[in-house]
Amino acid sequence: MMPRKRVAITGLGLVTPVGNDVATTWDAVLHGRSGGAAISVFDASGFPVHIAAEVKNFDAAGALGDRKLIKLTNRSHRFALAAAEQALQDAGIRPTDADATRWGLTVGAGMMGVDFADLAGTQRHSAADGELHSDLLLTDGPANDPVAFCRSNCAAGLSLLTRRFGIRGYTSAVHTACASGGQALGTALKLIRRGGADRVLAGGYDSMISPVGISGFCLLSALSPDNATPQRASRPFDVSRNGFLLGEGAGFLVLEEWQAARKRGAHIYAELAGDGNSLSSYRITDSPPDGDGPIQAMRQALWSAGAAPADIDYLNAHGTSTGMNDRSESAAVKAVFAPDVQRLSVSSTKSTMGHLIAAAGAVEVAVCALAIRDGLMPINANLREVDPDCDLNFVRDAPRRQRVRMAMSNSFGFGGSNSCIVLRHPDETDAAIRGEAT
Amino acid sequence: MSATRVVITATGAVCSGGKTPGDIFAAVRDGKSSIAPIQQWDTTGWPTTLAGEIAGFNAREMVEDRKLHKLIRRTDLLGLYAAGKAIDAAGLAAHRDALAADAAATFNDRTGVYVGSGSGNFENQYDYFPLLAAAGGSLQTFGSELANTVNPMWLLRSLPNNVLGHIGIKYGLKGSNACITSHSCSGSLAVIEGMEALRNGEADRIVAVGHDAPIEPQMVLYYHRLGLIATAALRPFDVARDGSVFGEGAGALVMETEASAAARNAMVLGEVLGGGEVSEATGLLAIRDDGDGLARAVVAALDNAGIGPADVGMIVAHGNGTRASDASEAAAIRTVFGGDAPPVTAFKWSFGHLIAAAGILETTLALEALAQGVVPGVAALNELDPECAGIPVSPRPQVPRSKVALILCRGFGGTDAALLVSAA
C-alpha cells in the first residue's frame, strides 16, 4: 500500500483581538495579554454584557487595498481577506493560472446575517410598529440593495476569497458554530489526502460583536458578566469562571501536500496530521458531563494522525471559560490521556483572545503550529485557582519552553459538533517518512 | 480509485411535489408542476409571486415533538422530516436497538451525519423588530429591554446546524459530521464529504441531508432585483426562459459501506460512485459563459468514480431556468460528452429551486428514475434555445442508457458540483 499523503502547514495569517498579524498575536498569547475591553464598535452600555475582545486598529483599506471590494464585505469578511493574504505571503506561494484548479478553499464561516444598520433601516421603513409589512419591503432601501444582499449571503466569504486569490478547485464552507474552524481544517486535510487538491487555503472567520450578536449570547447567559474587569473575564478552568468573552477575527493556513512543499523548499511549521470529528448528541447547548463526544473526537484525531496519547505534548483546549464546557472537556481529556494525563501540558488561549466562535478552531491550530515552531507553549491566562474538577497540568504564569513533538487543538460547538486537530513537528514527520521508505 | 464501495440503503424527500421521493418523482414524470402563487404573505402588488411552496404546511406532520418547534425554524423541520424518513426506512435505529450495549455504542460512534444547510434567512432577524421599534433608535434602550422582548432561545433558532444537532440527539448518532453552508452546492457537498468519510474509514454509515426554505419576502425580493426570478414559469433550456423559481424542502440519503449494509442485511437501492466540486472564482453572482467550472466538476466526478462519459446513463441538469446558467450548463455538457451525451432532464420546473437542498433531493429522484427506467421529459420545455443546442433534452420521456445518473448542481460563488450514482 502506498504511504498516505501528508499535509504541511506552510503559511499562517491571523487577525485577532490581540494582534492584527501572526507575530503580534503570538507574543500576546504567549504572555497572556488579554484583548478584553469595553465594546467600542457600538453603544453597548445598556446591554447586560458590554465587554468583548474586539479586533483593534484594523485598517481594512490598508490591508485590502481595494475600496470597491470593501463595499461587498461585512466585518468578518474583511478579517478573512486580510488573514488569508498574510497566510499566502507567509507561504510564499499563491494560485497561478497554471495550478489554480489544484487549489482548494475550505472555510469555517460565521452565521449569515444582515448588517445591523441594514436591519435597523428595514425596521424603520417596513416595520415601524415592530411587525413586518411586506408591501413596504418593495420600497425599502436595504431590502432592495443587491450589495446588502451580497454581504449577507452565506456564500459571500467563500466567493470573495476564491475571486480575490483565484482559487478554482474544491471549495466548501462549514458552519458548526464554535467547531467550524477546526472542521474546515479537517475538511482540507482529507481533501489533500485523497488527492482532491494539492494546496488548500483553509481557515475561519467570524464577528458577532454587534447588537444582535451580543444579544443572542446574552439571552443564553453564555457570556461572562464581569463588565468591570474585561481582561479577567475569560478565565478557563478557574474555579470562579462564569462565561466566555466574545472575540472576533480570522485565522488562515496554507496547507500543501508534503512532498510538494518540500520540493519547493517551503518553510514547514508542522504537519497537519490528524482530524477527529464527532457529535455529542446530548443537548444543543450543554456539554455531556462525562466528556462523551469530545472523547471520540480526540481518539479519532489520534487514529487519523497515527499517534498515541503519549505522543502529544501540548493541548490547546477549547476551554471557553463556561462552567460546563471546561468541566466536560477536562473529563474527556482525562479519559483519553489516562493514566498519564499530568504529562500533557494544557492551556486555553481563549483566556487572552476570547472566543472567536467560527474562527476559533483555525486560529488555535495556528497557535499550535507556532508552539511547535518555537518549542514554547502559551499560558492559560487568568488562572488563579484551578477548578478541582479540571485538575490538568496547565501552563500558567509563564510560557513553557519544551520541544513539542505533537500538539492537539479542540473545538466544540453548539449543536454538539466536536472537532479535534492534531499537528506534528516537521522533523518527526520527516523521520517517519524516512522510516516508511526503508 | 477507492476500494470501499458506498451504497445507498434509503432515501427521503419532501417538497411542494410530495412527501416521498416516489411521489415527487411521479409528479415530475407525469408532467405536473406544483409551482403556484405564494401563500405565506400577501403578494398583492409584488412583481413576482410564484414559488414551489409546500401546500398546507403542517409543522406537527414534519416533526411530532412540539417542544422542538420553538427551538428550530421551517427549514429545520423539513430537514428533520426527510432525514427521519430515510433513517426509519433504512432501519438504522431498529438495528442498533437490537444490539448489545457495547456494539450499540460502537454503532452510534460509527454513524455520522452530513448536512447541507441553507444557513440562514432574513425573517429570523425580524424577531428584533419589536425591540427596535420600542427602542426608537436608542441602542441603550435596545440593550436594557432585550431580555423582556426577545425569545431567549433566539440564537439557537438561528443556528445553521440545527438539523445536524437534532438528528444526532434524536437518533443517538455520534460519528463524523459536518454542516455545509455553500449555498446551492451544500446538499451535494454533504453527499461528497459523507462518501469520503466512508471511504477513508472514519465511519461505517452516514446520514446525508440537505434542507432549505428560501421562500420569504426579503429573499424573493433580492433574487428578483438581481433578475433571477421567472415572471411566469421556470423553463429550463427554453428559448423563452427568464429565470428561476424558489422551492422549499429537503432530501436525504442513508449511505453505508458495502460491509455495513451486508452485515445488517440492508436492502441496497444504489451506490454513490463519486463526486466533484469546483469554483469558477468569478465572485458571488457571475458565472463563466463557457461552462468551464461545471465541466471540470463533471470530469472530477468521473475521475473520482473511475468511469468515463460513455458510462453515464442520464443527466439531471441543474436547469434552473436563468439565461446564463442554462446556456453555460449546456456548454459544459457538450464539452464533456461531445456529441454523445446521454438523455438529459431537469426537475426544478416542477417544484422549484430548493437551493441548499437541490442537489441531494434531485439525487433521490435520479435513483427513482433509474429504478423505473424513465428519464422524465421536461414538460415546461416548448422550444429549445439554440444556445442550449446539442444536448438531448426533451419534453417527452427518454430511456436511460445505463444504470448511472449524473446530477449537476450550481451555486452562488461560482461553485459547481457533480454527483454520480447508480441504481441497484
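**Note on a predicted two-chain model**

1. The crossing of α14(B) and α15(B) is right-handed. This is a predicted model. Helix α14 of chain B covers residues 292–305, and helix α15 of chain B covers residues 323–337. Their axes come within 8 Å and cross at roughly 45°. Angles from 65 to 115 degrees would count as roughly perpendicular and those under 35 as roughly parallel. α14(B) and α15(B) are therefore oblique to each other.

2. Which residues make this contact in chain B? From α14(B) come L294(B), A295(B), V298(B) and V299(B). They meet S328(B), E329(B), A332(B), T335(B) and V336(B) in α15(B). By class, the contact of α14(B) with α15(B) has 6 nonpolar residues, 2 polar and 1 charged. The numbering of such a list is worth a look. An α-helix has 3.6 residues a turn, so residues three or four places apart point the same way.

3. Now turn to chain A. Helix α12 of chain A (residues 294–305) packs against helix α13 of chain A (residues 323–337). The angle is about 45°, and the axes are 9 Å apart. That angle makes α12(A) oblique to α13(A). The crossing of these two helices is right-handed.

4. The contact in chain A can be read residue by residue. α12(A) supplies P294(A), I295(A), M298(A) and R299(A). α13(A) supplies S328(A), E329(A), A332(A), A335(A) and V336(A). The contact of α12(A) with α13(A) divides into 6 nonpolar, 1 polar and 2 charged residues.

5. Look next at A297(A), which sits in helix α12 of chain A. Is A297(A) buried or exposed? A residue counts as buried if 20 or more other C-beta atoms lie within 10 Å of its own. A297(A) has 31 within 10 Å, so A297(A) is buried. Set aside its neighbours within four places in sequence. A297(A) is then in contact with G276(A), N277(A), S278(A), N418(A), S419(A) and C420(A). As for L370(A), it is 73 residues from A297(A) in sequence and 23 Å away in space, C-alpha to C-alpha.

6. Which residues does N325(A) contact, leaving aside its neighbours within four places in sequence? They are S287(A), H318(A), T320(A) and F412(A). G243(A) is 82 residues from N325(A) in sequence, yet the two are 9.6 Å apart in space, C-alpha to C-alpha.

7. Check the backbone of chain A too. A cis peptide bond joins A338(A) and P339(A), with omega about 5°. P339(A) lies in the loop between α13 and β10 (345–347) of chain A.

8. Two residues of chain A deserve a look for their phi angles. N57(A) is not a glycine, but its phi is positive, about 50°. Its place is the loop between β3 (51–53) and α2 (60–64) of chain A. N57(A) is exposed, because it has 6 other C-beta atoms within 10 Å. F237(A) is also a residue other than glycine, with a positive phi near 70°. F237(A) sits in the loop between α10 (211–219) and β7 (248–257) of chain A. F237(A) has 29 C-beta neighbours inside 10 Å, so it counts as buried.

9. Back to chain B, and to α10(B). This helix is mostly covered, with 8 of its 10 residues buried. The buried residues are N162(B), V163(B), L164(B), G165(B), H166(B), I167(B), G168(B) and Y171(B). Just after α10(B) comes G172(B), with a positive phi of about 70°.

10. How do the chains meet? In chain B, 75 residues are in contact with 76 residues of chain A. Several elements of chain B give two or more residues to this side, among them α7 (129–135), α9 (154–158), α10 (162–171), β5 (177–180) and α11 (186–199). The largest share, 8 residues, comes from α8(B). By class, the side of chain B that touches chain A has 36 nonpolar, 29 polar and 10 charged residues.

11. Last, the domains of chain B. The domain assignment gives domain 1 as 6–120 + 160–423 and domain 2 as 124–155. Their centres, taken over C-alpha atoms, are 37 Å apart.

Notes: Residues are numbered from 1 along each chain as its sequence is written. Chains are lettered from A and ligands numbered from 1 in the order in which they are written. This is a predicted model: local features need pLDDT of at least 70, side-chain atom pairs count only at pLDDT 80 or more; totals for chains, interfaces and linings use all residues. Domain bounds come from an automatic or database domain assignment. Two residues are in contact if their C-beta atoms, placed from the backbone, lie within 7 Å. Helices (H or I, at least four residues) and strands (E, at least two) are DSSP runs, numbered from the N terminus. Ala, Val, Leu, Ile, Met, Phe, Trp, Tyr, Cys and Pro count as nonpolar, Asp, Glu, Lys and Arg as charged, and the others, Gly among them, as polar. Axes are lines fitted to C-alpha atoms, for helices over the stretch in contact, and angles run from 0 to 180 degrees between N-to-C directions. Angles under 35 degrees count as roughly parallel, over 145 as roughly antiparallel, 65 to 115 as roughly perpendicular and the rest as oblique. A crossing is left-handed if the near helix is turned anticlockwise from the far one by less than a right angle, and right-handed if clockwise. A residue is buried if 20 or more other C-beta atoms lie within 10 Å of its own, exposed if 12 or fewer, and partly exposed in between; C-beta atoms are placed from the backbone.
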